Amino acid sequence: MNPYEDMRIFAQVMEAGSFTAAADRLGMSKQSVSRRLMQLEARLGVRLLNRSTRRLDATPLGQQYYQSAMRLLGEVQQVEHDISGQAQALRGTLRLSAPLSFAMAHLGCLLTEFLQLHAQVDVEVDLSDRAVDLIGEGYDLALRIGALEDSSLIARRIADVQRVYCASPAYLAARGVPAQPEDLAGHDCRPYGHSRQVQWQFRQAGKAQAMPGAGRMRANNGEILRDAAIAGMGVTYLPTFIVGQALADGRLVTVLDDWRPPALQLSAVYPQHRQVARPVQGFVNFLRERLLQL
């Protein structure tokens, strides 16, 4: 009987979602994994998993055992790292998912610097604006902007992301400068996203207001919307890391500054079992030092 190993096997089954996938990760046979889990349930005297031909689902006691096991496994891993002296050098592979526009604006130079600082770390980067399944797809870490869904993932704040309403000087000269949110009803808007129900948020002196961002063009890519605004195609609402240079050189100017809502938050999220992984924590701390505000 090895309780630590049983916890590790059970955690892998929970994260992989099947005995077969867990066996591949563990380098064991499917039969061995299944047998170890049955022995664990017999020793505890409870059912941890509901099994069917299509899927595995944890029972309430299984979920409780998983949460406790992840905490204990993390503590053991931290002790081993501290004793072995690996705190002196990061090593391993970091699988990272990040939003496309943010990565193009900031991540390239930051990753180069991080890898130069840590020669024993490898990084695999996937750029996508979709919310990847970290556990199911095998990611160590994801960067996300905005409100986070409640989940078992751990989240750490990296930086604030400021957004602005903006348009080109030529467009505003021709169509007028909106002074309050209601004025946007007479303007061409370029909202982010595919939904026709996109709501633009406003706040002034604690008063919140929402207006539909309606227009002939919408997209889920900030650079496309920025370029459309520069070309005089309307008002858009984007993070400053996308429109910052265009604002600095005058191709765009901000509007409705008094109605700007609070900043979004850039967060690093990762599974519980990765919270003591040295490359994960090292990269998160590195980003927090480099990105105070975007």
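**View 1. Burial and exposed surface of the predicted chain.** Buried residues, meaning those under 20% relative accessible area (1.4 Å probe, protein chains only), make up 42% of the 294 residues of the chain. Residues are numbered from 1 along each chain as its sequence is written, and side-chain values use heavy atoms, without hydrogens and water.

**View 2. Fold content and extent.** The chain holds 10 helices and 13 strands, taken as DSSP runs (helices H or I, at least four residues; strands E, at least two) and numbered from the N terminus. The radius of gyration is 24 Å, well over the 19 Å of the globule rule for 294 residues, so the chain is more spread out than a compact globule. This radius is taken over C-alpha atoms, and the rule is 2.2 Å times the number of residues to the power 0.38. Along the principal axes, the C-alpha atoms fill a box of roughly 75 × 45 × 35 Å.

View 3. Strands β9 (residues 199-204) and β10 (residues 207-212) run antiparallel and are joined by six bridges; pairing requires at least two DSSP bridges. Arginine 203 has alanine 208 in β10 as its bridge partner. Two residues lie between the strands of this hairpin, and alanine 205 in the turn has a positive phi of about 50 degrees.

Key
This is a predicted model: local features need pLDDT of at least 70, side-chain atom pairs count only at pLDDT 80 or more; totals for chains, interfaces and linings use all residues. Buried means under 20% relative accessible area, exposed over 50%, partly exposed in between (1.4 Å probe, protein chains only).
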